[in-house]
Amino acid sequence: MIVLKDIKKRYQMGDQSIDALRGASLVIKEGEFISIMGPSGSGKSTLMNIIGCLDRPTSGSYKFDNKEVSQLNDDELASIRNEKIGFIFQSFNLLPRFTAIKNVELPLIYSRVSSNEWHKTALDAMKSVGLENRLNHKPSELSGGQQQRVAIARALVNNPSIILADEPTGNLDSKSGEQIMKILQGLNEDKGVTIILVTHEPNIAQFSKRIIHIKDGAVIKDEKVTNNRK
Amino acid sequence: MNINETFKVSLEALLANKIRSSLTMLGVIIGVTAVILLVSVGEGARLYIETELTGLGSNLLIVTPGKVDTRGSFRPHSVGAIRKLSYDDALFIKRRSQYLKEAVPVILGTANLKYKNLSRDITVIGLTPEYLQLRILKIESGSFVTQVDVDTKKKVIVLGRTAKRELFGNENALGKLVTVGESRYRVVGIMSKKGVSLGFDFDDVVFIPVTSAGELFDTDKLFEIITSVKNPENLDKAIAEIKELLIKRHSNKEDFTITSQSDILSTMQTILTIMTGVLAGIAGISLVVGGIGIMNIMLVSVRERTREIGIRKAVGAKHKDILIQFLIESITLSVVGGIIGIIIGAGSSVVIPFFLPFYLPTEVTLWSVLLAFFFSAAVGIFFGIYPARKASLLDPIESLRYE
Ligand SMILES: Nc1ncnc2c1ncn2[C@@H]1O[C@H](COP(=O)(O)OP(=O)(O)OP(=O)(O)O)[C@@H](O)[C@H]1O
Ligand SMILES: [Mg+2]
């Protein structure tokens, strides 16, 4: 359960300051599947980073599972990211020197999972995105869609309660994009993982159950999606 | 993050840039090699001096005419003393001292040595029989100068190896007559090989009774009196005693100098220890330069891998995970470089002397190996900590955005 109250984020650049978020409030329950939409520069990524504990708000309250996290230190945030949150990025962000399976193992090496279970756990994650026959490929030897599926496997390998995806289909053709969305949808429906994604494409947003519209750093519209895409 | 995995990650990163890693290591290798090599040369010189001096006899006190104030300095070369040291002085201190075992009067000079039509100038040492034992010399054939020879001023001569070889070749020299200066001396003994000790060639000399030498050089001034102490613990007491005895005999003037072998030894040791330290220090500078190379490369590496750091942080790496990962890289570079340097340095210390046209004593010491090892590890930590810290403090979002 995520409760954001009056979250503000101000970037200081020299004597100029930019308000990326100006009092965003939002409640997200477990098992939701949410899309965040809005014009470029409206603060979607900033909001995602705060929800994902990669960044702290300038002011406001952020409760994650009833725990105030807006003031935690870097290492405490790192633990939450490791145990509770999985990230999927528009540009995949895989380590180019590592094979797919090694990339998927990455969150495990920073976790409490013992090293002799890493491979098996990562293998299961690779299977769940249908890439069990691409284990030893480097990212450069995979298609964009495959790379994003590796990224999904990495995001879910630690059994997070939330997966955050910032424009996960932005770099993909529509077919691969849909494939990705179906995987995310499956995770949400079968495992009850909360999914929050940012997208510019309305037909991608249709996979989710709820769409939040953001403009100028604040939530301007919050709508339920009836009969979403399957 | 578990330490095995950290090691693996660090090593993989180093292996991914083999040439760069090797070049960086080269800086440390050169530094450590230099430390080991130079220290082993310094240490070799120290040990050489030590064995040479003990080879000249230990427990020795040497009385030379003339006063030199600095204690523990080298023997004064000038014999221009106000008051001479005499044969009787030597007899006197030997008779009256309770700490001395022997006191050998020595007259030193150069004279022309001739046999048949061969002749050459040679160092002549006039002495008493005990000289043999004090200087740890050995007779090869015949006999040494005896007390009777000394007492009767007999014209007998004992030849060093070189003198014998050059004058007689393979011919038997014992019993032959040679001309020293104007007098004829009978060869009674040939010395065993002793070799060069601290620049003095003990093979290229001849020995005659001190009394005969006095006559030969027309002098009663001794070059020195070599004394040996019964018990090395009483060295200082013996010095005081000799002083007292001689001052009395020399109308209350201290116009002589007493030098102990251990004084010379400790002076030499000090000089060479300082020299070794200076050499190690100079070599240490190149090790520091190697360390700067590591720092430089690590900074480049952190910059190149900014995105990797961002990704690791996004999936849960903590400060110390990143810090340790980069620190292990720099320490690995310096320690592996250090070990290779130790092997090359120690190896060349042993091998290089064989290929040199002159004698270079070297001695690889455990302390220099340990010092080089820990110093190189310390260099890795010292110069690695800044880049590693920089990496660990990177902001995850900015790192993920870094191109
Ligand atoms: N590190 C930063 N320093 C300064 N300003 C920033 C920083 N990050 C974001 N901003 C500013 O904050 C505002 C919101 O940025 P954000 O990346 O959240 O937008 P967005 O909604 O994700 O846009 P897009 O759809 O283009 O990705 C922008 O005006 C941006 O310029
Ligand atoms: Mg964005």
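User: Which pocket is taken up by ligand 1?
Analyst: The space that ligand 1 takes is the largest pocket. Keep in mind that this is a predicted model.

User: Which elements give two or more residues to the shell around ligand 1?
Analyst: They are β1 (2-13), β2 and α1 (44-51) of chain A. The most comes from α1(A), which gives three residues.

User: Where does ligand 1 lie relative to the chains?
Analyst: Ligand 1 lies between chains A and B.

User: How many residues surround ligand 1, and which are the closest?
Analyst: There are 15 residues around ligand 1, and the closest are Ser40(A), Gly41(A), Lys44(A), Ser45(A) and Thr46(A).

User: What is the shell around ligand 1 like by class?
Analyst: Five residues of that shell are nonpolar, seven are polar and three are charged.

User: What does the side chain of Lys44(A) do at ligand 1?
Analyst: One of the polar side-chain atoms of Lys44(A) is 2.7 Å from an oxygen atom of ligand 1. For Ser45(A), a polar side-chain atom is also 2.7 Å from a ligand 1 oxygen. With Ser42(A) the contact is to the backbone: a polar backbone atom lies 3.3 Å from an oxygen atom of ligand 1.

User: And how much of ligand 1 does the protein bury?
Analyst: The protein buries 71% of the 630 Å² that ligand 1 exposes when taken alone.

User: Switching to the sheet in chain A. What is the order of its four strands?
Analyst: The order is β2-β1-β4-β5 in chain A, in an open sheet with antiparallel pairing.

User: Which strands stand at the edges?
Analyst: Those are β2 (16-28) and β5 (67-68) of chain A. Each has a single partner strand, so one side of each has no neighbour in the sheet.

User: How many bridges pair β4 with β5(A)?
Analyst: Two bridges, with strand β4 (residues 59-64) of chain A running antiparallel to β5(A). As for a residue pair, Phe64(A) has Lys67(A) in β5(A) as its bridge partner.

User: Now chain B. How many bridges join β2 to β11 there?
Analyst: Six bridges join β2 (residues 100-115) to β11 (residues 224-229) of chain B, and the two strands run antiparallel. Opposite Val104(B) is Ile226(B) in β11(B).

User: What about β2(B) and β3?
Analyst: β2(B) pairs with strand β3 (residues 118-127) of chain B over nine bridges, again antiparallel. Leu108(B) is opposite Ile125(B) in β3(B). The two strands make a hairpin with two residues between them, and Lys116(B) in the turn has a positive phi of about 50°.

User: How many bridges pair β2(B) with β6?
Analyst: Two bridges, antiparallel, to strand β6 (residues 177-180) of chain B. Leu113(B) is the residue opposite Val180(B) in β6(B).

User: And β6(B) with β7?
Analyst: Four bridges pair β6(B) with strand β7 (residues 183-191) of chain B in the antiparallel sense. Thr179(B) stands opposite Arg184(B) in β7(B). In this hairpin, two residues lie between the strands, and Gly181(B) has a positive phi near 60°.

User: Back to chain A for a moment. What is the phi of Asp216(A)?
Analyst: It is positive, near 50°, in a residue other than glycine. Asp216(A) is in the loop between β9 (210-215) and β10 (218-224) of chain A.

User: Last one: where is Ser251(B)?
Analyst: Ser251(B) is in the loop between α8 (235-249) and β12 (256-260) of chain B. Ser251(B) also has a positive phi, near 40°.

Notes. Residues numbered from 1 in each chain as written. Chains lettered and ligands numbered in written order. Predicted model: local features only at pLDDT ≥ 70, side-chain atom pairs only at ≥ 80, totals over all residues. Heavy atoms only, no water. Pairing = 2+ DSSP bridges. Near = heavy atom within 4 Å. Polar contact = N/O pair within 3.5 Å; in protein donor to acceptor, adjacent residues only side chain to side chain. Areas by Shrake-Rupley, 256 points an atom, 1.4 Å probe, with all protein chains shown as cover. 1 Å grid on protein atoms, 1.4 Å probe; cavity = no way out; pocket = protein on both sides within 12 Å on 5 of 7 lines; lining within 4 Å. Sits in = over half its atoms within 2 Å of the grid points. Nonpolar A, V, L, I, M, F, W, Y, C, P; charged D, E, K, R; others polar.
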